[in-house]
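Please find below my notes on the model, arranged by element. They keep to the fold and to residue surroundings.

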Amino acid sequence: MDGDVRINPYLAGNFAPVRSEDDFDLEVVGEIPAGLRGALFRIGPNPQFEPRDPNHHWFVGDGMVHGFYLDGGKASYRNRYVRTPKWQVEHEAGRSLFAGFNPLLGDPSVAGKDAGVANTNIVWHAGRLLALEEGHKPFEMNPRDLGSKGYVEAYQGRVTAHPKIDPATGEMIWFGYGVGEMPLSAGMSYGVTAADGSVVRRQDFQAPYSSMVHDFMVTENHVLFPVLPLTGSLERAMTGRPPYAWEPEKGSFVGVMRRDADVSTIRWFNTEACYVFHPLNAWEDSDKLVADVMRYDTAPLFPNADGSPGAKSAARLVRWTFDLAGDSDAIKEEPLDDLDGEFPRVDPRVETRRHRHGWYAADPAHAQTIRQSAIAHLDLQTGKRQVYALGGGDQTSEPVFVPRSADAPEGDGWITAVVWRAAEDRSDLLVFEALDIEKGPIATAKVPRRVPFGFHGNWASF
Ligand SMILES: [Fe+2]
């Protein structure tokens, strides 16, 4: 490349999209346990065409689903685009038309049209495979052939990519942000989908300010909405400044309410400016709520409000405690771990309940690039941490837990992770014993090409 051409980092290396939709039988090294039957679905951005925005952001590429199907010790792989309305209109045009984050850069022919990319998370709920992206409705996919089915209209509006599924009730609890007539507004929604897949609640409220609310926390009886100072501003966007930016002077708020209460009862707790993309989990301890979250000092990947580059920052696991019986609205914070990490996950059977085990993609080199070179397991009962370092410049995706059986104890099962092999520019699916990460993978399923860095995934047995 010419020295004066700036390569967008999200179009280079293993961030760059793959252009083919493939079906591969995978070579397996080691042994995939016979009990590990089902599919790991992963999703991430994969722009269909060259983006219009020279400052193209990782978060706005078209969603592509990568399915790893395991059965009888064998593994196969399939990837397909999520054929959203945006994908279809651009496919017909043969080029990018939508603007990404910057509303000034779109082609006039798509002004006001649905720009959903369904690229952030893929969840299995009520017999449906849902591709999620926080600005739009869930988009249903066929779990077997990864064919696109379309938006689930019952949701009516924006839905987080990080809903929580209550393992006792089967309900899916969710929220939306930026809800309202105007883009980048402070409006939020709280919603519930019943175990049978019907949307049974959606209620709107106002946050203290407009924020990118990427994820939230749910406990057995409560819901917690983090409003942290990665702010949204239409005024900024319309004057050529960043639509989303780090504005620490706004402080951090977390709204707490009972799951069965009206949104008018939300109590806003507060703490110093920080950012959290992903909590590990949250639970109740009598009249206290406890949330373990991956906390950054400053929001990574986004500029300051004046457009200057944001500071580099790493996330580490901290414990937030909310005293519902106390007079103070201050959040108590204590460190849980001293290793940089992202994409924390629990055994889904303890989501919303007290957890003992957590896994995350770790960055022992403190590279602060959202590119993690190790997988970590943290036992919060013993305080013992296990780390498996990949080496060789290899990078891992989020580790996803699969229980050994429905009634196995918490943590008894496997960790699956998709890893990019830097030297070969190719990817592998790794399977670990979840409580013995240090041992290294017990099975490796080799993909003949790379799987681009993505966001989230989940296991489904169907
Ligand atoms: Fe996320």
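Two strands count as paired if DSSP finds at least two bridges between them. Helices (H or I, at least four residues) and strands (E, at least two) are DSSP runs, numbered from the N terminus. The model is predicted: local features need pLDDT of at least 70, side-chain atom pairs count only at pLDDT 80 or more, and totals for chains, interfaces and linings use all residues. Residue numbers start from 1 along each chain as its sequence is written.

1. Strand 31 and its partners. Strand 30 (residues 426-433) pairs with strand 31 in the antiparallel sense, over 4 bridges. Within this pair, Asp-428 stands opposite Lys-446 of strand 31. Strand 1 (residues 23-30) also runs antiparallel to strand 31, joined to it by 4 bridges, and here Val-28 stands opposite Ala-445.

2. Faces of strand 31. Which residues of strand 31 (residues 443-446) lie on the covered face, and which on the uncovered one? Ala-443 and Ala-445 form the covered face, Thr-444 and Lys-446 the uncovered one.

3. Strand 20 (residues 288-296) and strand 21 (residues 316-323) run antiparallel and are joined by 8 bridges.

4. Leu-289. This residue lies in strand 20, and its bridge partner in strand 21 is Phe-322. Leu-289 is buried, because 25 other C-beta atoms lie within 10 Å (buried means 20 or more such atoms within 10 Å of the residue's own C-beta, with C-beta atoms placed from the backbone). Beyond its neighbours within four places in sequence, Leu-289 has contacts that include Thr-219, His-222, Val-256 and Phe-322; contact means C-beta atoms, placed from the backbone, within 7 Å. Val-218 is 71 residues from Leu-289 in sequence, with 9.7 Å between their C-alpha atoms.

5. Helix 1. Lys-86, Trp-87 and Glu-90 are buried in helix 1 (residues 85-93). They cover an arc of only 95° around the axis, which puts them on the same side of helix 1; the arc is taken from the directions from helix axis to C-beta atoms. The buried residues of helix 1 pack against strand 4 (74-81). Just after helix 1, Gly-94 has a positive phi of about 75°.

Methods
Buried ≥ 20, exposed ≤ 12 C-beta atoms within 10 Å, placed from the backbone. Contact = placed C-beta atoms within 7 Å.
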